[in-house]
Amino acid sequence: GQFTDLYDFLKDKFSDRIMLGGAVIREKNDNKYDYFINRIMFPIQEVSGKVVAFGGRVFLGDENGPKYLNSPETSIFKKNAVLYNLNNARTYVKSSPLVLVEGYMDVISLYDKGYKCAVATLGTAFTENHAKIIGRYTPNVVILYDSDQAGERATEKAIDILMENNIYPKIARLPSGEDPDSFILKNGLESFNSYIQKATDCIEYKLKTEQKSYDLNQNWDRVDYTKKACKILGAVKDEIRREFYIKKLSEQMDTSIESIIKEIQTNSYLSTNEVKNNTNKLKNNTNKRIFNAQNIILKYIMDNTNDINKIRNLNLETLIFEGENYKNVFKLILKEIGNKKELDLHKLIRYNDKLAIVLSGLASLDKQITKDELKTALKVIKRNSINIKIKHIKEQIDEMDSIQDSQSRELLANELFKLKKDLLDLE
């Protein structure tokens with residue numbers, strides 16, 4: 001029948017439930033019809049090569065529905081856990097940079113012309129999960145998005161997410177109006193390769209992008225730019241890289257290395273998106289409140305290491321902690337209280353200077369934590385944890401295609417509702 005060719009072909013082999021679950025068909029008023037109709041089909045494979053979903057592009061001249069349609073998320077297909085072509089690209093990462101492009105047509109075009117080490121996200125923005133997956137295979141990444149404004153914004157976002165996850169990508173900008181597909185068709189593989197070789201380091205790219213807003217012949221602009229550059233460098237976790245760029249900035253701006261380091265350490269880079277000063281102050285106070293609450297909980301744990309049930313009753317596993325060191329301390333404590341009668345904190349952090357510093361600062365406080373202080377601190381962290389979860393779910397909902405299956409949307413909306421209710425119950 002019309003729009004049911006695939007359904008008619010499969011219905012003797014699979015139950016409706018399985019076909020709906022795998023999203024090859026949809027259902028409307030008890031009628032079943034194909035999910036993809038009249039499209040060029042692209043199988044989407046996960047890393048091992050198993051096909052977990054499909055993408056479909058409309059034929060030229062047949063502009064029905066969206067240009068690209070991907071399978072909705074299913075139990076085996078999570079968009080932020082799949083990178084198109086990673087199953088092939090991973091075998092080339094030893095010899096080539098992993099090139100990150102915007103869509104699967106770009107990947108296919110590059111592959112066809114001989115560049116096999118390219119991947120793309122599937123109709124969603126680049127997420128932390130994608131960064132973690134890439135991190136398993138290679139630190140050597142080049143971002144090659146389209147040369148339009150949307151491409152530039154997406155590049156900025158992907159850089160930040162990759163840097164957060166300790167991957168320092170290089171950035172290749174195509175000539176205006178080009179995308180990877182058109183570029184390699186016009187210029188061939190060799191030009192493409194040398195383009196990739198010449199890609200700019202991400203920190204350099206961020207500094208150069210920032211520089212465009214300043215006139216470096218003006219003293220004030222030089223000062224403002226230097227402060228802005230310190231913010232960018234403050235977010236660089238890799239110490240050798242940071243030091244390299246601090247030296248470079250010091251030479252370029254004729255400013256002493258000491259004052260640059262001092263500026264970086266003033267935490268003026270705490271929020272990467274430059275919000276006006278008052279929101280910065282607010283953010284710092286929020287941070288202080290959260291870190292203060294975390295300190296109280298930690299101190300309480302330190303005072304009760306011989307009574308592990310008191311620590312278990314805090315339900316630490318339901319809380320989200322802020323700050324790398326705190327996260328790590330709490331992770332270690334959680335692991336430790338799982339099966340022990342007593343908690344030996346010093347043994348726990350013996351080989352980790354950063355964590356030792358967090359704890360020794362607290363150990364020197366000679367005050368006991370009162371019940372009220374503990375209750376308030378737990379409330380602060382609970383509220384913050386719920387807000388983090390809410391933000392995360394809202395991002396997931398924003399990332400969904402408009403035609404995403406209603407089931408995932410509904411699940412997320414329910415979760416959001418439950419979290420908001422939890423937030424009210426805390427009041």
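Let's start in helix α10. E243 and K247 sit four residues apart there, so about one helical turn separates them. Their side chains form a salt bridge, with the closest N and O atoms 3.7 Å apart. Both ends are partly exposed: E243 has 48% relative accessibility, and K247 has 41%. Elsewhere, salt bridges with shared partners join D16, E27 and K32 into one network.

Keep in mind that this is a predicted model.

Back to the charges. The structure holds 18 salt bridges. One of them pairs E204 with K248, at 3.2 Å between the closest N and O atoms. That pair links distant parts of the chain. K248 counts as partly exposed, at 36% relative accessibility.

Next, R241 and D238. Their side chains meet in a salt bridge, 3.9 Å from N to O. R241 is partly exposed at 27%. D238 is partly exposed too, with a relative accessible area of 26%.

Now stay with helix α8, residues 202-211, and look at E210. Is E210 buried or exposed? It counts as buried, because its relative accessibility is 19% and the cut-off for buried is under 20%. What does E210 touch, leaving out residues up to four places away in sequence? Y225, K228 and I232.

On to helix α18, residues 406-426. It has 21 residues, and at 1.5 Å a residue they should span 30 Å. The end C-alpha atoms are 30 Å apart, so the two values agree. Which residues of α18 are buried? S408, L412, L416, L419, L423 and L426 are. They cover an arc of only 75° around the axis, which puts them on the same side of α18. What covers these buried residues includes α17, residues 371-399. The face away from the buried side carries exposed residues S406, Q407, F417, K418, L424 and D425. Note F417 and L424 in that exposed set.

Last topic: backbone angles. N38 is not a glycine, yet its phi is positive, about 55°. N38 is in the loop between β2 and β3. It is partly exposed, with a relative accessible area of 48%. N166 also has a positive phi, near 65°, and is a residue other than glycine. Where is N166? In the loop between α6 and β9. N166 is partly exposed, at 46% relative accessible area.

Key
Residues numbered from 1 in each chain as written. Predicted model: local features only at pLDDT ≥ 70, side-chain atom pairs only at ≥ 80, totals over all residues. Heavy atoms only, no water. Helix = DSSP H or I, 4+ residues; strand = E, 2+ residues; numbered from the N terminus. Buried < 20%, exposed > 50% of the residue type's maximum accessible area, 1.4 Å probe, protein only. Contact = heavy atoms within 4.5 Å. Expected span 1.5 Å × (residues − 1). Arc of directions from axis to C-beta. Salt bridge = Lys/Arg side-chain N within 4 Å of Asp/Glu carboxyl O.
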